[in-house]
Amino acid sequence: MKPLSPTDQLFLWLEKRQQPMHVGGLQIFSFPEDAPDDYVSKLAEQLRSDTEVTAPFNQRLDSRLAQPVWVHDDHLDLEHHFRFEALPTPGRIRELLAFVSAEHSHLMDRERPLWEFHLIEGLSDRQFAVYIKVHHSLVDGVSAMRMTQRMLSTDPSKRNMPPVWDLSVRAGRKEDRSEPSLWHSIGHLLGASGKQLSTVPTVARELLRTVKAARKDPAYNSIFHAPRSILNRKITGSRRFAAQSYCLKRIKAVCHAHDTTVNDVVTAMCASALRTYLMNLDALPDKPLIAMVPVSLRKYQKSDGSESEGRQAEGNQVGVILANLHTDEGNAVTRLRKIHQGMQEGKDRYAHMSPEEILNYTALTLAPAAFNLLTGMAPKWQTFNVVISNVPGPKEACYWNGAKLEGMYPVSIAMDRLALNMTLTSYNDQVEFGLIGCRRTLPSLQRMLDYLEDGLVELERALVS
């Protein structure tokens with residue numbers, strides 16, 4: 001028996017019919033070169049025979065003294081969690097994304113362990129897919145990514161590899177968390193410890209500095225004044241998932257030309273896509289949109305991935321930056337430079353703070369957002385409009401039972417008053433975007449993939465000129 005942390009309990013409490021609180025991932029594989037046509041069905045037979053289920057996948061919810069706890073499920077039905085399915089013809093990516101959109105809209109049965117594994121055949125060009133979803137109270141997005149990586153191998157000849165539910169657990173999930181979330185930060189703030197009190201002077205000083213800067217400069221990343229937007233309306237339970245890969249070399253070429261980071265460029269691509277999408281709906285706010293961007297602060301890096309000379313953020317590991325996306329700026333290069341400047345200011349703010357101070361500062365600055373997201377009673381406290389999260393993935397080509405992983409796309413969470421989540425991950429020489437949003441609130445969300453490409457092309461054209 002294991003009690004749920006306050007943060008994980010919050011994920012259960014937040015869940016409603018229109019607001020499922022599970023995260024997921026979509027992986028696309030190519031058949032091994034020597035594989036028969038029935039390769040996927042034989043793989044399904046192999047997976048069905050693997051009835052060993054390890055933690056956390058063998059845990060279900062229960063209650064002790066009115067408190068939720070994880071307990072071992074003695075009656076786990078693997079057939080419920082592992083599902084072998086086929087796409088309708090013609091088996092295009094369009095049909096695959098429609099399948100994931102529908103499955104990601106469905107709540108999971110809380111009487112069972114809160115996960116599903118979908119093996120999907122019927123893709124054209126001798127490909128198949130895996131879609132995994134896990135409740136956020138059971139595992140966070142970064143840990144889910146790492147579990148998926150442990151299921152894979154860089155050896156294409158390796159066979160009889162176990163599925164994700166049969167992987168032994170390494171040191172606890174909480175220690176494995178390397179990217180912050182809004183709710184983890186708030187939960188941390190609520191926890192009692194002596195270190196919390198010692199951070200008060202520094203956190204108060206930085207908050208005061210932030211507010212003063214916002215008063216002097218309207219373009220500063222204010223913590224209270226994100227504009228009202230259709231992105232921040234109440235949502236339905238129906239989802240639209242859109243995914244696309246982009247060549248990392250293209251993005252790094254823009255980085256080198258403008259002396260920015262990969263994270264700056266992908267954030268600028270998202271800003272450009274949001275600007276175009278909302279303009280086409282006649283819904284672009286006059287004020288620039290604000291994004292919540294988790295960033296790694298363990299060390300500063302140049303765009304080519306090498307360490308900057310002598311600049312280390314000692315002790316700092318992660319932070320959340322409220323990034324001004326400058327969607328009121330029409331020039332793509334100017335927008336990128338302004339985004340880079342704002343992101344660097346956020347990193348510099350954290351460079352002189354301890355990890356505890358960073359977490360508490362983040363929690364306090366996001367408190368208005370948490371209150372508004374939970375209640376909708378403070379629309380003027382719209383702290384940010386969208387989440388743009390970058391989760392590191394494998395740097396080498398990966399395989400699973402001989403099948404080459406062609407792409408891996410994160411599938412995150414949309415919420416009331418946060419109708420769009422833009423999550424991306426790196427894989428090999430690609431950057432994989434996964435966009436999840438409410439179908440009704442954000443119609444034709446898939447068009448944003450074209451607008452992401454347009455945003456990158458616009459920056460590339462500036463290099464030529």
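# Reading a predicted model, feature by feature

Q: Where does Pro90 lie?
A: Pro90 is in the loop between strand E5 and helix H4 (93–104). Helices (H or I, at least four residues) and strands (E, at least two) are DSSP runs, numbered from the N terminus. The model is predicted, so to speak of local features requires pLDDT of at least 70 and side-chain atom pairs count only at pLDDT 80 or more, while totals for chains, interfaces and linings use all residues. Residues are numbered from 1 along each chain as its sequence is written, and side-chain values use heavy atoms, with hydrogens and water left out.

Q: What is the strand order in the open sheet of three strands?
A: Strands of a sheet pair through backbone hydrogen bonds, either parallel or antiparallel. Two strands count as paired if DSSP finds at least two bridges between them. In this sheet the order is E1-E4-E3, and the pairing is antiparallel. Strand E1 (2–3) and strand E3 (59–64) stand at the edges with a single partner strand each, so one side of each has no neighbour in the sheet. E1 pairs with strand E4 (residues 67–72) over two bridges, in the antiparallel sense. Pro3 stands opposite Val69 in E4.

Q: Which strands stand at the edges of the open sheet of six strands?
A: The order is E5-E6-E7-E2-E13-E12, with mixed pairing. Strand E5 (82–86) and strand E12 (399–400) are at the edges, each with a single partner strand, so one side of each is left without a neighbour in the sheet. E12 and strand E13 (residues 403–411) run antiparallel and are joined by two bridges. Trp400 has Ala403 in E13 as its bridge partner.

Q: How do helix H10 and helix H13 cross?
A: Axes are lines fitted to C-alpha atoms, for helices over the stretch in contact, and angles run from 0 to 180 degrees between N-to-C directions. The axes of H10 (residues 262–280) and H13 (residues 447–464) come within 8 Å and cross at roughly 125 degrees. The two helices are therefore oblique to each other; angles under 35 degrees count as roughly parallel, over 145 as roughly antiparallel, 65 to 115 as roughly perpendicular and the rest as oblique.

Q: Which residues of H11 and H13 make the contact?
A: The axes of helix H11 (residues 332–350) and H13 come within 9 Å and cross at roughly 105 degrees, and the two are therefore roughly perpendicular. Contact (heavy atoms within 4.5 Å) is made by Ala332, Val333 and Leu336 of H11 and by Glu458, Leu459 and Ala462 of H13.

Q: Over which residues does pLDDT stay under 50?
A: pLDDT is the predictor's confidence in each residue, from 0 to 100. The protein averages 84, and 81% of the residues score at least 70. pLDDT stays under 50 over residues 189–200, where the model has twelve contacts beyond four places in sequence. It also stays under 50 over residues 299–317, with 41 such contacts.
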